[in-house]
Amino acid sequence: MLKSNLLKLLGIGCVCLTYAACKLPVVATKTENKSVPAGFNNSQDTVNMATVKWKSYFTDPNLASLIDTALKNNQELNITLQEIAITKNEITARKGEYLPFVGIRGGAGVEKVGRYTSQGAGDATTEIKPGKEMPDPLPDFLIGAYATWEADIWHKLHNAKKAAVARYLASIEGRNFVVTSLIAEIANSYYELLALDNQLKIVDSNITIQTNALEVVKQQKEAARVTELAVRKFEAEVFNTKSLQYGIQQQITETENRINFLLGRFPQPITRDDKSLNAALPATIQTGIPSQLLSNRPDIKQAELELSAAKLDIQVAKAKFYPSVGISAGVGWNAFSPTYLFRTPESLLYSLAGELVAPLVNKNAIKAEYVNANARQIQAVYNYERTIVNAYAEVANQVVKIGNLAKSYDLKSQQVVALTQSIDISNDLFKNARADYMEVLLTQRDALESKFELVETRMQQMKAMVNIYQALGGGWN
């Protein structure tokens with residue numbers, strides 16, 4: 001199957017999006033007798049959230065400000081812009097190759113030949129005009145213009161220019177892909193930072209709860225209702241929870257610095273509102289149809305353009321086996337003295353010549369280049385197929401992940417409510433000697449872990465919304 005697909009791709013000039021869409025894997029879900037790939041809307045609705053501008057998709061003003069700064073200062077993005085400039089200059093270079101090369105030439109020199117040579121003997125018996133012999137040594141002055149041009153009868157140079165154009169367009173799509181990745185990375189890091197802030201608040205709140213419980217245990221010890229062991233256990237739990245603060249603070253610092261690096265600036269605090277982590281999520285995820293994925297994803301369009309360029313490279317390599325036709329011409333003035341340099345027609349010179357050059361023996365270098373061009377095209381085909389499959393898998397994974405995270409968040413929310421209530425219950429039971437101190441400790445620890453997991457799940461939900469937006473090709477337009 002893969003081999004047949006490969007042959008089809010090699011047999012056509014430019015891989016069309018329609019063909020690529022047909023290659024996407026499908027599942028048995030039917031809508032109007034048409035198979036719909038998993039991860040996409042089970043309808044003919046062409047609404048796609050990737051078409052939403054990133055400033056409209058990310059409504060948090062602090063996050064929008066970070067993204068806007070990164071798009072101006074990020075070093076990787078600026079490097080990509082220079083790569084675009086380089087590929088654009090390649091177009092100019094290739095265009096110049098099939099246009100005539102025109103230049104000017106000037107020179108001056110002196111020549112002394114032997115008297116007993118054919119040229120020396122001829123110069124000695126030659127008079128410029130009656131009574132005036134040829135100078136010895138003989139000066140030489142030249143000024144003129146020349147032109148060379150290769151007739152591009154096999155479209156070798158023209159195809160090389162078209163390949164350069166395709167690579168230039170591919171570099172633009174590469175820049176767009178960097179933009180989508182950069183926006184997603186900043187957003188994910190931002191939500192991770194908000195989650196850490198929330199977890200730090202949970203730790204602070206839990207320290208207060210545990211400190212109050214410790215005071216109760218101390219009172220119980222004074223009343224001889226518990227031993228010193230219970231007091232030490234509660235103290236150890238307070239110390240353990242306090243130590244979590246420093247670990248979270250370190251993670252906050254590292255996450256802030258990672259964001260600052262993406263923004264192309266030195267470490268500094270990140271302005272944020274930790275309440276943004278609990279922002280409302282979209283009720284539905286609009287993934288559109290598979291063909292939109294192919295037209296929105298910059299990496300797919302980049303791979304397609306690189307495949308087109310690779311096909312043109314084969315035509316260029318193939319044309320090198322054929323004869324090349326070149327034309328050269330020149331016109332100017334040449335004399336042994338500046339006094340006579342511009343005397344026309346005596347000092348005027350011109351030339352016109354054509355040449356036909358073809359490889360005859362030892363074509364190994366040309367053959368090797370042709371074989372390499374074919375191999376690179378096959379590589380481009382595989383890369384194109386891999387990019388499509390990867391893009392489809394990313395969308396399918398994120399759509400399923402969003403659904404599973406929503407269900408998990410609901411259950412964990414109920415778990416947090418139950419465990420939070422159990423803290424009060426365990427404290428009351430402990431005060432009335434109906435529960436031992438270990439039950440209180442375990443209940444507090446379970447409640448802390450459940451709150452951490454709830455925040456973690458919420459962060460994963462926000463990241464999934466970012467990743468589905470990126471997977472659909474949003475953010476660059």
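The axes of helix 7 (residues 156–222) and helix 12 come within 9 Å and cross at roughly 170°, where helices are DSSP runs of H or I with at least four residues and strands are runs of E with at least two, both numbered from the N terminus. Helix 7 and helix 12 are therefore roughly antiparallel to each other, a label for angles over 145 degrees, while those under 35 count as roughly parallel, 65 to 115 as roughly perpendicular and the rest as oblique. The model is predicted, so that local features need pLDDT of at least 70 and side-chain atom pairs count only at pLDDT 80 or more, whereas totals for chains, interfaces and linings use all residues. Residues are numbered from 1 along each chain as its sequence is written, and side-chain values use heavy atoms, with hydrogens and water left out.

**Helix 7 and helix 12**

- The contact of helix 7 with helix 12 has 14 nonpolar, 10 polar and four charged residues, with Ala, Val, Leu, Ile, Met, Phe, Trp, Tyr, Cys and Pro counted as nonpolar, Asp, Glu, Lys and Arg as charged, and the others, Gly among them, as polar.

**Helix 8 and helix 12**

- Helix 8 (residues 228–262) packs against helix 12 (residues 437–471) at an angle of about 15°, and their axes lie 10 Å apart; axes are lines fitted to C-alpha atoms, for helices over the stretch in contact, and angles run from 0 to 180 degrees between N-to-C directions.
- That angle makes helix 8 roughly parallel to helix 12.
- Among the residues that meet here are L229, F234 and I248 in helix 8 and Y437, L441 and F452 in helix 12, contact being heavy atoms within 4.5 Å.
- The residues of this contact divide into 10 nonpolar, two polar and three charged.

- Four strands form an open sheet in the order 3-6-7-8, with antiparallel pairing, and two strands pair if DSSP finds at least two bridges between them.
- Strand 3 (101–111) and strand 8 (348–357) stand at the edges with a single partner strand each, so one side of each is left without a neighbour in the sheet.
- Strand 3 is joined to strand 6 by 11 bridges, and A108 stands opposite F141 in strand 6.
- Strand 6 (residues 138–151) and strand 7 (residues 324–335) are also joined by 11 bridges, with T148 opposite S328 in strand 7 and L142 opposite N334 in strand 7.
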